[in-house]
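Try each task yourself before you read the solution.

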Amino acid sequence: MKHIFRHSLLWLLTIAIAATTMFTACTDDDKDSNNGNGDNPTAEVITFDDLDFFQNAIIEVDSVGDMMTRYYGVILDEAEPEHLYIGVDNLAQAQTLFNLWLAPDVEPLADMPANGSLTCPLTDREGNSQGTIYFTPGNGASVAEVTASAGTGLKHFNKITFLSNDAWPTNDEDEPVLFHEGDIISHIFDFGQDPNYNQALNFVCVRQASKGVKPLFCAITRDQYYRPSYVSTGAYVPNVGQAKAISSILSKSWDFYADCFNRAACGKLEKGQAYWIKEEHSTWFKRFYGYIYYESGAIYGAEEDEFPLPYLVKIDWLDDSAIKCPLAATNGSTGVRGSEGYESAFDNNTATKWCTHTNQKQNGAWVVEFQAKELINPKAVKIVTANDAAKYKGRNPGKWYLYAKGDLSEEKWTLLCWTDGTYKLADINCKEYTYTFDPEVRDIYKYFRMEIQTNQGADVLSVAEIGFILD
């Protein structure tokens, strides 16, 4: 029987930290985590959606199943866009990652304990079967594979291969790791519904980039808020699955990260303190908003206006270079709607996009002008396809030109890079393409202009992100 606990006005999802590579049920029927105020809650069993947890821990989708953000995995073979790859050093590392994607009430069945094969039945809140997830150790370059039974209903991926780092395909554009655990960056936290409360926060790197896994940065808001009054949008606040992953990271090096958040000089990482996360749950006529105690991994739900808490927010849709070289759009072809303007191609969020119609072309081209904060010497440009490219085909850029200037007073633009559209970008969600500059045109620049003359046949152009790779 699957468990999650509710007490008085609180419902509890007991999440145990993945401190070892053993796969065990994460709930404890006899013990409950302290909720930070000394209460000893009495438990009442409620249900949980295992498939939703697994889906959104890897690729978050919206209410109609469209991709919002991919948190794990990359596509190495365009012929198999739903087959994701993650680089690992060994089986234990693959097991640890897999365990983070399972809801706390999933009870894996060991098929062959000797080699680590697992069968993980999934059920919905009513206890109905949702299918089965399989973890199967491999041989040689394939360390392990994750697959699902037929009809499970996963969206935007159907298989994950943990590939040995030694066998990972490399190329000249592989980027060095620019940020390491404990590093601190500044970024704007967007409250979405009320921009007056947007604030610059200092984010701590709690996971550095690796193959198929982007870096993870976390920050804590300086102030406390009533969750229903200040609802963050997008991927800024972790969902339950991501909160479980963050809890696992923080709890293993709690003192280290507590010191890092202290140095970041925003909100504190403290034992006994709860933090809002991105979770809503309704039961009868009441709605609950999720919060977590990160040192214990216990997640609760509070009713509207019950009490204020700080947010723990995160960045994990960015790559190192996007953080290292932020860009800002200054002018361009108007989007089909206000939320899909040219600015969205530079917001470091693949869940948004620049989406513009043919009638918005300027002199035969879709145009966007943007600039860096300071003079930079980029070696390549990156274009990321939209998060709905697979659904709306033909919208990717075709023929385009990229120009640069060091100073706006310069009369002419320098042509950095161009394509004639012969090579077509695949209709794959959030697929990244890199174009290297000729050494003869590399120099110090600050201002840039991209002219996209054609797409791949549709009457709309869509681009999730445009960014640079630096040395």
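**Exercise 1. Is Glu145 buried, partly exposed or exposed, and which residue is its salt-bridge partner?**

Step 1: Glu145 has a relative accessibility of 27%, so it counts as partly exposed. Keep in mind that you're looking at a predicted model.

Step 2: Now find the partner. Glu145 forms a salt bridge with Lys159, and their closest N and O atoms sit 3.4 Å apart.

Step 3: Lys159 has a relative accessible area of 25%, which makes it partly exposed.

**Exercise 2. Which parts of the chain does the salt bridge between Asp66 and Lys391 tie together?**

Step 1: Start with the distance: the closest N and O atoms of Asp66 and Lys391 are 3.3 Å apart.

Step 2: Locate the two ends. Asp66 is in the loop between strand S4 (59–61) and strand S5 (67–70), while Lys391 is in the loop between strand S22 (378–384) and strand S23 (399–405), so the bridge ties together parts that are 325 residues apart in sequence.

Step 3: Compare with the cut-off of 20% for buried residues. Asp66 has a relative accessible area of 19%, so it is buried. Lys391, at 48% relative accessibility, is partly exposed.

**Exercise 3. Where do Lys382 and Glu432 lie, and is Lys382 buried or exposed?**

Step 1: The side chains of Lys382 and Glu432 form a salt bridge, with an N to O distance of 4.0 Å.

Step 2: Lys382 is in strand S22 and Glu432 is in strand S25 (residues 432–436), so the bridge joins parts that are 50 residues apart in sequence.

Step 3: With a relative accessible area of 5%, Lys382 is buried. Glu432 comes out at 33%, so it is partly exposed.

Step 4: Zoom out: the structure has 9 salt bridges. Arg337, Glu340, Lys353 and Asp388 are linked in a salt-bridge network.

**Exercise 4. Which residues have the most contacts inside the largest nonpolar core?**

Step 1: The largest nonpolar core has 116 residues, and Trp101 and Phe162 have the most contacts inside it. Helix H3 (residues 240–252) gives the most to this core, with 6 residues.

Step 2: Look around Trp101. Beyond four places away in sequence, its contacts include Phe53, Phe54, Tyr72 and Phe162.

Step 3: For background, nonpolar side chains tend to be buried together in soluble globular proteins.

Conventions
Residues are numbered from 1 along each chain as its sequence is written. This is a predicted model: local features need pLDDT of at least 70, side-chain atom pairs count only at pLDDT 80 or more; totals for chains, interfaces and linings use all residues. Side-chain values use heavy atoms; hydrogens and water are left out. A nonpolar core is a set of buried Ala, Val, Leu, Ile, Met, Phe, Trp, Tyr and Cys residues joined through side-chain atoms within 4.5 Å. Buried means under 20% relative accessible area, exposed over 50%, partly exposed in between (1.4 Å probe, protein chains only). Helices (H or I, at least four residues) and strands (E, at least two) are DSSP runs, numbered from the N terminus. Contact means heavy atoms within 4.5 Å.
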